[in-house]
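Thanks for making the time this morning. I would like to walk through one model with you, taking a sheet to begin with and then turning to the pockets.

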Amino acid sequence: MPPRKKDQSTPTPTSPTGAPDPTGLPADRRAQTGNRLTTAQGLRLPDTDHSLKAGDRGPTLLEDFHLREKITHFDHERIPERVVHARGAAAHGVFESYGTAKSVTKAEFLADKGATTEVFVRFSTVLGSRGSADTVRDTRGFAVKFYTEQGTFDLVGNNMPVFFIQDGIKFPDIIHAAKPHPDREIPQAQSAHDTFWDFVSLHTEATHHVFWNMSDRGIPRSYRTMEGFGVHTFRLVNAVGETSLVKWHWKPIAGVHSLVWEEAQIAAGVDPDYHRRDMADGIENGAFLEYELGIQVMPDDGSETFQGIDLLDPTKIVPEELAPVQPIGKLTLNRNPTNYFAETEQVAFHTGHLVPGIEVTNDPLMQSRLFSYLDTQLTRLGGPNFSQLPINRPHAPVNDMLRDGMHQTAIHIGVAPYKPNGIEGDEPLESAESEGGYVQTARAISGNAVRANPASFDDHFTQPAMFYRSLTPLEQAHIVEAFTFELGKVFDQAIKERELLVLAQVDTDLCAQVAAGLGLPAPAASPVGDVTPSPALSQIVATPGPVAGRNVGVIADAGSDLAGITRLRTAMLKVGVTTYVIAPRGGLLGRGARAIPADRTLLTARSIEFDAIVVAAGTTSSRDIKLTILLQEALRHCKPLGAWGDGATVLEDAGVALADAGILTGERVDKAMTDALTRALGLHRAWDRAPAVMGSSVAPADA
């Protein structure tokens, strides 16, 4: 049996009822065993290349049980993919509590300082099928399964803090509208089409989420630079029964950064696995993904509002300036799955997986999710026993009295799976709150049965305006470009005009720019007045952040300064950056002990793989069109570019002006140069270059 790679892991071995496997076992008992090919029944096989036939040219015989078993199993290897969030990637990790949440929750994995909890985290896109691309413009799922000693807690969130709808009854509508058109099944994993914009232009409560999707948040650089949110308001309960209302936040240690639109489109074509590859390679290289878990805490005073914001409305945020995010723990993703299907595909999240100290609220979208997440697993995973799959097994004792059903793997003992019983001493015993039992906070529930929202849900435009006006001019330009692109793909003129009217009610200047790009008049409307901006919503940074997990490409050939490349690689490795040598052809550069292998060639490399590109001294300026495209793309995407020695000539020959922002040059690879490169990587982009190199949503006027 092949050994597991050093960066790979599996779910901690537990029984279907949560009991840990004995320690000291020679191997994972859930993996295949032995080195001999067998049937599923353990029968050794002499041949698996030929079916059993009547002579070497005769018909296949019905008695060939191996053929039937092999083909039948193959025919049933696929399970239904998720209706949404089908495209995903995941990793194992650990969560460590700071203990700072003890004042607001009795959940032990949060309240106990230094407590560590195993986790499994799945990132995903919403709209695309399992085989779609990673870098499409879309909301990303950010789902975390905490295997706590009190039971499993699932925090099933997104990389955006709001959603398109206020009530879960509208979920089928938004997804039907956003999915490919049902007649031709196109476009795949895109919102740039008629049915999506038809829906959101009519259903204006979606406007805030649409703005987040059209922002740079819709095309994250990587999972390690992607923020996460719980979306809803939760209720936390502390050890003495006091309650607070909170919103969850995941803050990436690497900062919040995104792709640019052209880069995202190129990546979708040349490397559709861009995000999952980045995460898996980073973990394998020791550049683990890290996030701080934080909470915004609001009083649970019965109003379910804070500073005039309805906390039950999932289309609204609480600005961080009003309720600061308080860090309560750190998440580190440090192990890749061993088997995609067994772990990433079969993991089942559910918003109803809660532990004492964490409760839901009356958010109508959350209430619907409490039903939907459990219901969907019954079809996708083949029955009610999906919690017994290794990736879903709790790391806490399970004695649930649930019996039988498809794929039952627990072998229960006893004859009385019911309560009360006298045969088995009335076991299993119920647990009081003081014994760790989950007891909901008592609260009064009243009201008439109505199909309606409160009046506080009716403001659909103030928060989108706040979001837009909190961004830098560059980020606003990206939103204008995104709206113009998406609506430019819409065929129905009435839909475009209707969405322009929505934009006009948010911001007049935004609407005018998009209308100009579409060649349509900007409608008159009453836009939102002055709003207080929230600087925390901007991604543009002035101070360099961590660079671990970033990639630098080095252009070189046989005549390059190989010693300089080695010094650069060593310096970058110290800060967690991986260096790739890009050469005209494969093989070794140089001879002897100092020879360096080419990691990429000009044929296999594309700019999207690298966060910066540097040209080594001594590299011949070949004027190869592939090299020019590589450097020009990086230039347009505002990535740092550099060279040492006469490598600068290669940049100039590719049309890169050495005086442009973010162009780093030096005579040799020394500390000054590597420090400058590290700083440039930490800033993510040379945004000062953007006005000169990035496209406009409106064509320039004729001279």
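What you see here is a predicted model, and I will begin with an open sheet of six strands, paired in parallel and running in the order 18-15-14-19-20-21. Strand 18, residues 600–601, and strand 21, residues 663–666, stand at the edges with a single partner strand each, so one side of each has no neighbour in the sheet. On the strand 18 side, the pairing with strand 15, residues 578–583, is parallel and extends over two bridges, and Arg600 of strand 18 is the bridge partner of Ile582. Helix 17, residues 671–682, packs on this sheet, where it touches strands 14, 19, 20 and 21, and its direction makes about 155° with that of strand 19.

Let me now move to the pockets. The largest pocket holds about 1,700 Å³ of space, and among the 49 residues that line it, those nearest its centre are Pro394, Pro397, Val398, Asn399 and Asp400. By class, that lining divides into 23 nonpolar, 16 polar and ten charged residues.

The second largest pocket has a volume of about 1,400 Å³, and it is lined by 38 residues, with Arg30, Asn339, Phe341, Ala342 and Gln346 closest to its centre. Helix 1 (65–75) and helix 8 (340–345) are the elements that give two or more residues to this lining, and helix 8 provides the largest share, three residues. How does the lining of the second largest pocket divide by class? There are 15 nonpolar, 15 polar and eight charged residues.

Key. Residues are numbered from 1 along each chain as its sequence is written. This is a predicted model: local features need pLDDT of at least 70, side-chain atom pairs count only at pLDDT 80 or more; totals for chains, interfaces and linings use all residues. Side-chain values use heavy atoms; hydrogens and water are left out. On a 1 Å grid over the protein atoms alone, a cavity is a set of points where a 1.4 Å probe fits but cannot get out, and a pocket is an open set with protein on both sides within 12 Å along at least five of seven lines; lining residues have an atom within 4 Å of a point. Grid points are joined across faces, edges and corners, and a volume is the space filled by probe spheres set on the points. Ala, Val, Leu, Ile, Met, Phe, Trp, Tyr, Cys and Pro count as nonpolar, Asp, Glu, Lys and Arg as charged, and the others, Gly among them, as polar. Helices (H or I, at least four residues) and strands (E, at least two) are DSSP runs, numbered from the N terminus. Two strands pair if DSSP finds at least two bridges between them. Contact means heavy atoms within 4.5 Å. Axes are lines fitted to C-alpha atoms, for helices over the stretch in contact, and angles run from 0 to 180 degrees between N-to-C directions.
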